Amino acid sequence: MIRTLAVDTGEFSYYRSLLKSSGFISATYFSLNGYNIKKMQHMARQGRLNAVRCEIGRSVKWYYAEHQAELAYLRGEVK
């Protein structure tokens, strides 16, 4: 399931901390640790992985549910 969140630059730090406390981690973190982000986006579109698409002005940042992403990685679905 993908949820979309549109915020301006000033509000972003608040929402980022809210996402972190809710168990969502930035796609950058997952990418740096060997996760395949394209596969993660595909799984989110299928409803198999919870994600938040955060629009900050013109840029977009993706956040994924940490627990679900780690389980998918251990199953070999996002390597």
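Please note that the model is a predicted one.

I begin with helix H1, which covers residues 9-21 and has 13 residues. From its first C-alpha to its last, H1 reaches 19 Å, close to the 18 Å expected at 1.5 Å a residue. After H1 comes glycine 23, whose phi is positive, near 95°.

I turn now to the aromatic residues. How many aromatic pairs does a search of the whole structure find? The search finds six. One of them joins tyrosine 14 and tyrosine 15, with ring centres 5.1 Å apart. Their planes stand at 75°, which is over 60 degrees, so this pair is edge-to-face. Tyrosine 14 counts as exposed, because its relative accessibility is 51%. Tyrosine 15, with a relative accessible area of 25%, is partly exposed.

Tryptophan 62 and tyrosine 64 also form an aromatic pair, and this one is stacked. Here the distance is 6.1 Å centre to centre, with 10° between the planes. Are these two residues buried or exposed? Tryptophan 62 is buried, at a relative accessible area of 14%, and tyrosine 64 counts as buried at 0% relative accessibility.

Both residues belong to one aromatic cluster, formed by Tyr29, Phe30, Tyr35, Trp62, Tyr64 and Tyr73. Lysine 79 lies over the face of tyrosine 73, at 5.1 Å from the ring centre.

Notes:
Residues are numbered from 1 along each chain as its sequence is written. This is a predicted model: local features need pLDDT of at least 70, side-chain atom pairs count only at pLDDT 80 or more; totals for chains, interfaces and linings use all residues. Side-chain values use heavy atoms; hydrogens and water are left out. Helices (H or I, at least four residues) and strands (E, at least two) are DSSP runs, numbered from the N terminus. The expected span of a helix is 1.5 Å times one less than its number of residues. Rings of Phe, Tyr and Trp (its six-membered ring) pair if their centres lie within 6.5 Å; planes under 30 degrees apart count as stacked, over 60 as edge-to-face and the rest as tilted. Buried means under 20% relative accessible area, exposed over 50%, partly exposed in between (1.4 Å probe, protein chains only). A charge sits over a ring if NZ of Lys or CZ of Arg is within 6 Å of the ring centre and within 35 degrees of the ring normal.
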